[in-house]
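Colleague: Please take a close look at one helix in this model. I want its surroundings, its packing and its faces.

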Amino acid sequence: MKKLEIIVRTSTFNTVKKALEAIGIHGMTIIEVKGYGRQRGYKEVYRGATLESQFVPKTQINLLVHDEGLPLVLETAISAARTGELGDGKIAVLPVEDVIRIRTGERGDIAI
Ligand SMILES: Nc1ncnc2c1ncn2[C@@H]1O[C@H](COP(=O)(O)OP(=O)(O)OP(=O)(O)O)[C@@H](O)[C@H]1O
Ligand SMILES: [Mg+2]
């Protein structure tokens, strides 16, 4: 099992969400975050205005996925989030030791 932390532009989030739902992703957590990458937040435009601050609003999608599903989920998220411009986002892939569905106590792959 893996946890994906997918940071995308707020403007591509809906497209990414729909693409993930279309391949059968049935649970996700989103967080409105602020961050910057290699350009330190400069040279990115948000809603038509150049930001003076270093921090750019982004949306982070957290997903728990089965190992077998990982390649398709990554491909789908990348192609939906990519514009080709600076600031398209970043994905971290983390190992997950266990997942527990609280209602039933199920653990592991079945709890995703
Ligand atoms: N090294 C990092 N550590 C933690 N978060 C990061 C890091 N790099 C980028 N991020 C997060 O990802 C968001 C998007 O980063 P961004 O797409 O600008 O990455 P980049 O490496 O600068 O790529 P690009 O050159 O295409 O802009 C940032 O706003 C920030 O929230
Ligand atoms: Mg950048």
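Modeller: From the N terminus on, the elements run β-α-β-β-β-β-α-β. That gives two helices and six strands. Helices (H or I, at least four residues) and strands (E, at least two) are DSSP runs, numbered from the N terminus. The model is predicted: local features need pLDDT of at least 70, side-chain atom pairs count only at pLDDT 80 or more, and totals for chains, interfaces and linings use all residues. Residues are numbered from 1 along each chain as its sequence is written, and side-chain values use heavy atoms, with hydrogens and water left out.

The C-alpha trace spans about 50 × 25 × 20 Å along its principal axes. Of the 112 residues, 32% count as buried. Buried is under 20% relative accessible area, exposed is over 50%, and partly exposed lies in between (1.4 Å probe, protein chains only). Among contacts with a separation of 6 or more, 72% join residues 24 or more positions apart. Contact here means heavy atoms within 4.5 Å.

Now helix H1, residues 13–22. Its axis comes within 8 Å of that of helix H2 (residues 70–81), and the two cross at roughly 150°. H1 is therefore roughly antiparallel to H2, a label for angles over 145 degrees. Axes are lines fitted to C-alpha atoms, for helices over the stretch in contact, and angles run from 0 to 180 degrees between N-to-C directions. H1 contributes Thr15, Val16, Ala19 and Leu20 to the contact; H2 contributes Val73, Thr76, Ala77, Ala80 and Ala81. By class, that contact has seven nonpolar residues, two polar and no charged. Ala, Val, Leu, Ile, Met, Phe, Trp, Tyr, Cys and Pro count as nonpolar, Asp, Glu, Lys and Arg as charged, and the others, Gly among them, as polar.

Next, the faces. Phe13, Val16, Ala19 and Leu20 are the buried residues of H1. Seen down the axis of H1, they fall within an arc of 130°, so they line one face of the helix. The arc is that of the directions from the helix axis to the C-beta atoms. These buried residues pack against H2 and against strands E1 (2–9), E2 (29–35) and E5 (56–65). On the other side of H1, Lys18 and Ala22 are exposed. Just after H1, glycine 24 takes a positive phi of about 100°.

Conventions: Chains are lettered from A and ligands numbered from 1 in the order in which they are written. Angles under 35 degrees count as roughly parallel, over 145 as roughly antiparallel, 65 to 115 as roughly perpendicular and the rest as oblique.
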